Amino acid sequence: MSDFSFWIILKNLIWATQWTVYLSLIAFVGGGIVGLILLFLRTSQVKWLEVPTKLYIEFFQGTPLLMQLFLFFFGVALFGIEVSPWMAAGLALTLWTSAFLTEIWRGCVEAIPKGQWEASGSLAMSYIEQMRYVILPQAMRIAIAPTVGFSVQVIKGTALASIIGFVELTKAGTMLNNATFRPFLVYALVALIYFCLCFPLSWFAKRLEGKLNVAR
Amino acid sequence: MTYHLEFSALLPYWQDLAWGLWFTVVLTVVSTVAGIAVGTLGASARSFGPPWLSGLVRVYVELIRNTPFIVQLFFIFFGLPALGLKLSETTAAFIAMVVNLGAYSTEIIRAGIDAVPKGHIEAGVSLAMTRLEVLRYIVLRQAFAKIYPALSSQIVIVMLGSAVVSQISAPDLTYAANFIQSRNFRAFEVYFVVALIYLVLSILLRYLLRLIGDRFVRVG
């Protein structure tokens, strides 16, 4: 009997893992797109574009992700807009991810020698062209390792979506625990599945970092 | 239907917020100090300990760094009682925070130790310093100076992450927000104000850590 329920728990947890994966992908891809736009604004050297971007990043990096989820889920609903856990979680995680990715990528852009900017500027390239053809292709090389590393934070961040009722791995764990009263087993399995998702990425990020250091 | 913001609905609950804030601050300070202590021991064991200990520390670090904090918290609070280790929600929150920061700071401090040139250690040994003295005065001192910024930002991240302890009813700032929200149904106002409090807290914490760094952690 106990063997039987072990397999049922594991099966359900693995089934729920797909939602963790989907949510992570949405947050990561969405956050990447928003982050790239913000990166352009943040490094534009135009003050009225830079300052709001800075404030945006400060807000999302300086407040708990949990608060951001609550603000989207409970807060926005009060204005008469129906918010599903899907939408709130996807949106909050996307914006949160974008803030961090922008900062990571800004560091990479700033690591590109100033001469590159000056040279491309003296070729009459516009700011967008400079970024597109000169700066970003070089910055991308340095950005890959920390970006992969941050994807681990995104996966772990999706666990908080469980609190607003989004059924992913952590929420499934809570529900299964309520049904089976085997918290030790359930949460150990949940942790193990997260580990299996995150560890390869961490390992890969570390390897990329090492590779890059050798190349320099 | 239009909704009117009503921030004054928070005023009767200022004491709840203050107590929650106090809990969050104490939780952060205690787990920072204890977590860095764990990290220092862990990093020393990882770099200079026997292989079995070094391996054990590595497993601890990787397990914690690759699982969400909320799962660690639930495991400690809900899972451990099944083994007969029953913890109050406050104790569980403190333990989870220390375990979490301990793992991250182990990894950060280890990176600092790795960056200390081997010649410095050999020089220390040749001056007849004991292993502990070399570790204390040569290795860790330089390691901390190098990794202090990374450690600082990890402390801020952990402080923000502490919002999750509200989920096991540890009475922190987020718990206070949930409580107030359940009383006056002003969810947006409450969470907005509390988010701003966290924002101020993280700015102050960063500032404070910089002051401490300038005062006590110097290179050379």
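Contact here means heavy atoms within 4.5 Å. This is a predicted model, in which local features need pLDDT of at least 70, side-chain atom pairs count only at pLDDT 80 or more, and totals for chains, interfaces and linings use all residues. Residues are numbered from 1 along each chain as its sequence is written, chains are lettered from A in the order in which they are written, and side-chain values use heavy atoms, with hydrogens and water left out.

**View 1. Chain B as a whole.** Chain B has eight helices and zero strands (DSSP runs of H or I, at least four residues, for helices, and of E, at least two, for strands). Its C-alpha trace spans about 75 × 45 × 25 Å along the principal axes. Among contacts between residues at least 6 apart in sequence, 78% join residues at least 24 apart. Of its 220 residues, 49% count as buried (under 20% relative accessible area, with exposed over 50%, using a 1.4 Å probe and protein chains only).

View 2. Leu169(A), Thr170(A), Ala172(A), Gly173(A), Leu176(A) and Asn177(A) are its buried residues. Seen down the axis of α7(A), they fall within an arc of 155°, so they line one face of the helix (the arc is taken from the directions from the helix axis to the C-beta atoms). Turned away from that buried side are the exposed Asn178(A) and Ala179(A).

**View 3. Both ends of α7(A).** At the start, a side-chain oxygen of Glu168(A) comes to within 3.3 Å of the backbone nitrogen of Thr170(A). After the helix comes Phe181(A), with a positive phi near 55°.

Note on methods
A polar contact is a pair of N or O atoms within 3.5 Å; within protein, one must be able to donate a hydrogen and the other to accept it, and residues adjacent in sequence count only if both atoms are side-chain atoms.
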